[in-house]
Amino acid sequence: MALNPVDLFDVRSLLTEEERSVQDTVARFTDERVLPIIGDAFDEGRFPRELVGEIAEMGLLGSSLPEEYGCAGLNSVSYGLICQELERGDSGIRSFVSVQSSLCMYPIFAYGTEEQKQRWLPDMAAGKVIGCFGLTEAHGGSDPATMKTHARRDGDDWVLNGSKMWITNGNLADIAIVWAQTDDGIQGFVVEKGMAGFAAQEVKHKMSLRASVTSALFFDNVRVPEANRLPNVKGLKGPLGCLTQARYGITWGPIGAAVACLTEVLDYTKERILFGRPVAATQSAQIKMADMARRITNAQLLSLQLGRLKDAGTMKPQQVSLAKWNNCRMAIDIARECRDLLGGAGITTEHAAIRHALNMESVITYEGTETVHQLVIGRELTGINAF
């Protein structure tokens, strides 16, 4: 009996019945609703907002948070599989869900008051309120401690000034989770759309994540009530804790992108005839595709074990760094190699490889560049900080 070419080690057999059901449900959504429109959306530079309602109805927003807040209460492996299947469609769709779930709903759940949880989480789970995460600044990048955005207390309010850059969902968002320097360290604030002095400007001319909204955020004496401050965390621990949650999902997402590329190229190379035989019959093509399958298998096993560690409560940020580094590198290399095997046809969005290759340029960069994650592991190995 032939092995599954994109699951050579039968990783699916290691999943629970519920985890397989989650994967199958999201896979059908990707096949039926995402793939038919995503090439055009990428060409047009348009986020397919019409899918948000369906994504919410399936329970994919804040899927790991408790049911009492309108969420699905799924385990971490199920969330990973959601990310994998969504990114098999497009990184922009997975990014939307990652930001809403891990970077916006999670900090409200982890660092907010019960009142804040009840106020925002149910509507966010239902897709009625969209969030964005304001940490990165234009000059800071990989060094968030240099942030210049600041907030000062003024009576019952905080006055917020500064700007953020490369913010996914920025122009879609009803609320922004914004991190700012204060006299008492870095703190998080829920900034609401329509607050005077708060503006979002969409970033144009992107060649990556074109089916995703990316924005700059600006704060000009924005008055934020004390009730909108996240009180249960201070310092970089807050935003970095959110990033660990999101990076975990990102370790799974690129597996989906790589699977999409390999699946496509397997079919294409069997059908395309060059020099009297299918491209798939050549040693060079087979070696390339075999190596892709090897690397996908490694990534699948890495993320599954990471998910089991997360569900057991023993996952470490360094382990997330290793998996994001490995799996993003795996996916970007496979997407580029698949583009090559598709020949000239590979440069069009009628095929998936070039779109995934371009998207992965962002995924390998955001939420910790490859170099940053390599240095995290280097520090863990040597005990010496080389940042």
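Author: Happy to! First, a term we need: a helix here is a DSSP run of H or I with at least four residues, and helices are numbered from the N terminus. Please keep in mind that this is a predicted model.

Now to the pocket itself. The second largest pocket holds about 650 Å³ of space, and 31 residues line it. Those nearest its centre are Glu85, Arg88, Val259, Ala260 and Thr263.

Which helices supply at least two residues each to this lining? They are helix H1 (17-44), helix H3 (76-89), H6 and helix H7 (283-312). Among these, H1 gives the most, with 8 residues. H6 spans residues 237-271 and also supplies at least two residues to the lining of the largest pocket.

What is the lining made of, by class? It has 12 nonpolar, 9 polar and 10 charged residues.

For context, the largest pocket has a volume of about 1200 Å³ and a lining of 46 residues. By class, that lining has 21 nonpolar, 18 polar and 7 charged residues. Its largest share, 5 residues, comes from H4.

How values were computed:
Residues are numbered from 1 along each chain as its sequence is written. This is a predicted model: local features need pLDDT of at least 70, side-chain atom pairs count only at pLDDT 80 or more; totals for chains, interfaces and linings use all residues. Side-chain values use heavy atoms; hydrogens and water are left out. On a 1 Å grid over the protein atoms alone, a cavity is a set of points where a 1.4 Å probe fits but cannot get out, and a pocket is an open set with protein on both sides within 12 Å along at least five of seven lines; lining residues have an atom within 4 Å of a point. Grid points are joined across faces, edges and corners, and a volume is the space filled by probe spheres set on the points. Ala, Val, Leu, Ile, Met, Phe, Trp, Tyr, Cys and Pro count as nonpolar, Asp, Glu, Lys and Arg as charged, and the others, Gly among them, as polar.
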